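Work through the following exercises with the sequence and the three-dimensional model open beside you. Try each task before you read its solution.

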Amino acid sequence: MLFVISWHLCNLADSMAVYHSSSTNNDRVGVLEICLKDILIEIKPVESHRVERINAIRQLEECLRGLLVFRGVVVSLKPFGSFVSNLYTKWGDLDVSVQIDNTPPNSISRNTKRYYLKNILHALRRTGLARNTQYIPNARVPLLKYISRHHNISFDVSINNHFGVMKSSILKWLSEIDDRFRDMVLVTKEWAKAQNINDAKSGTLNSYSLCLLVIFHFQTCDPPILPPLRVICEGSISNQEWSSFSERHVEDVCSANIQRFRSRRRVNKSSLAQLLVSFFDKLSGIGNSASEYSISTFEGRLESITGGLRSPLIIEDPFERSENAARTVRVLELHKISNAFRDAHDKLSSSLVLSDRDSLIFLLTRPILASRLRDQQPVTNYNTRSQHSNFATIGVLERQFENTVRLDRMHSQASTSVASIRPTYRNF
Ligand SMILES: *[C@@H]1O[C@H](CO)[C@@H](O)[C@H](O)[C@H]1NC(C)=O
Ligand SMILES: *[C@@H]1O[C@H](CO)[C@@H](O)[C@H](O)[C@H]1NC(C)=O
């Protein structure tokens, strides 16, 4: 845990330097930089959003406590996904894995998972905690979706999703390498939503793919901001071993690798605005190259497609390399995605747009956010503001590790007060 904090402090120093250099050297993209700060303030969750999510998870846990089907097993709820990797927005979904402890990954069959989910579904209905419940037994990972009535938060519940939990931890460590990563992911997600290209159900990009594109961009800057994920995962996992990995081992190995990268890298000090402009520039050709190359964040480069996987767009899942994270993208929609990148690149190449706050906001945000931002006074003293919004205190950082809410319920104690709810601190 200690070195996690010290990375973060290094990070603070780096980003201070970044913001200072960008404010003095803020020629062409100055208005965009300020604009991005304002957008981020609107979409970044604050402490109360985090607490709200923890409370919503506790409520689900409360509901599971009474379930007969879990009698005699140790069950814990583990949030994962963007909430845990700290890449969520105020409106983001909440992914929760119901972990049946002391069972190795993959030891619970699909049917058992479905059975558990159905029981949870009935419990949610019975208690009236949920609205818009949706049971999706045939998804890649059997899933239960609902909206918490009290907290108005969308849940995706799965069973023993060790893999999802592991992936989001790695993304979290990655986001701790450089603050600009999280900002870029949030900004591009909002842009993609505004352009209607962030919706897996309608054939465009899911948020995970979008996040991988940002990673790819940061890996292919010169000097790079992030290393190939191979460098981070080296020695921790291979495709074959995933079924039997130990989370503790992956954690140790990845942390050591990340620390090594941080200590040896040359820092790319480009501002967020400059990175966004080069992101759109780089990816405006995505439609043209997609039939020949796949995007590999594991290797940190484009890779030639050699038969096998056929898909309009291939963004390799770095943690399951035979899987295509962009498998939902359809041909027609790839054009739409490609056009959106090209259009953004064209607009940001025009000094007319680049110097006009309203045009930038119109390009980058959805109408509801745009109208809120237009009513605001532009922030002039953005140096003060960016420090305020970007720099987490150590206290906040530590509290992120409280995310795991646990319910230990041994059979022998079932008659007495069913064990109290307590957060467990992950033992870093
Ligand atoms: C619930 O959240 C959605 C977006 O996540 C929002 O559009 C809606 O207005 C919220 N509803 C309430 C009652 O707050
Ligand atoms: C950061 O990377 C970009 C993209 O490769 C490059 O153009 C830029 O010069 C780099 N910036 C710095 C300050 O090193």
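**Exercise 1. Find how far the sulfur of Cys-254 is from the closest cysteine sulfur, and decide whether the two are bonded**.

Solution. Begin with the rule, by which a disulfide is a pair of cysteine sulfur atoms within 2.5 Å. Next, locate the closest cysteine sulfur to that of Cys-254, which belongs to Cys-233 and lies 4.9 Å away, so the distance is too far for a bond. Applied to the protein, this rule gives a count of 0 disulfides.

The model is predicted, so local features need pLDDT of at least 70 and side-chain atom pairs count only at pLDDT 80 or more, while totals for chains, interfaces and linings use all residues. Residues are numbered from 1 along each chain as its sequence is written, chains are lettered from A and ligands numbered from 1 in the order in which they are written, and side-chain values use heavy atoms, with hydrogens and water left out.

**Exercise 2. Describe what surrounds ligand 2**.

Solution. First list the neighbours, taking a residue as near if one of its heavy atoms lies within 4 Å of the molecule: they are Cys-221, Asp-222, Pro-223, Asn-268, Lys-269 and Ser-270. Taken alone, ligand 2 exposes 360 Å², and the protein buries 55% of that; such areas come from the Shrake-Rupley method with a 1.4 Å probe, and for residues only the protein chains shown count as cover.

Then sort the shell, which divides into 2 nonpolar, 2 polar and 2 charged residues. In this scheme Ala, Val, Leu, Ile, Met, Phe, Trp, Tyr, Cys and Pro count as nonpolar, Asp, Glu, Lys and Arg as charged, and the others, Gly among them, as polar.

Now look at individual atoms: an oxygen atom of ligand 2 is 2.8 Å from a polar backbone atom of Asp-222, and a nitrogen atom of ligand 2 lies 2.9 Å from a polar side-chain atom of Ser-270.

Last, examine the backbone of this shell, where a cis peptide bond with omega about 0° joins Asp-222 and Pro-223. Pro-223 itself sits in the loop between helix 7 (207–219) and helix 8 (229–233); helices (H or I, at least four residues) and strands (E, at least two) are DSSP runs, numbered from the N terminus.

**Exercise 3. Locate Asp-356 and state its distance in space from Cys-35**.

Solution. Asp-356 lies in the loop between helix 13 (351–354) and helix 14 (357–364), and at 31% relative accessibility it counts as partly exposed. From C-alpha to C-alpha, Asp-356 and Cys-35 are 9.7 Å apart, although 321 residues separate them in sequence.

Methods. Polar contact = N/O pair within 3.5 Å; in protein donor to acceptor, adjacent residues only side chain to side chain. Buried < 20%, exposed > 50% of the residue type's maximum accessible area, 1.4 Å probe, protein only.
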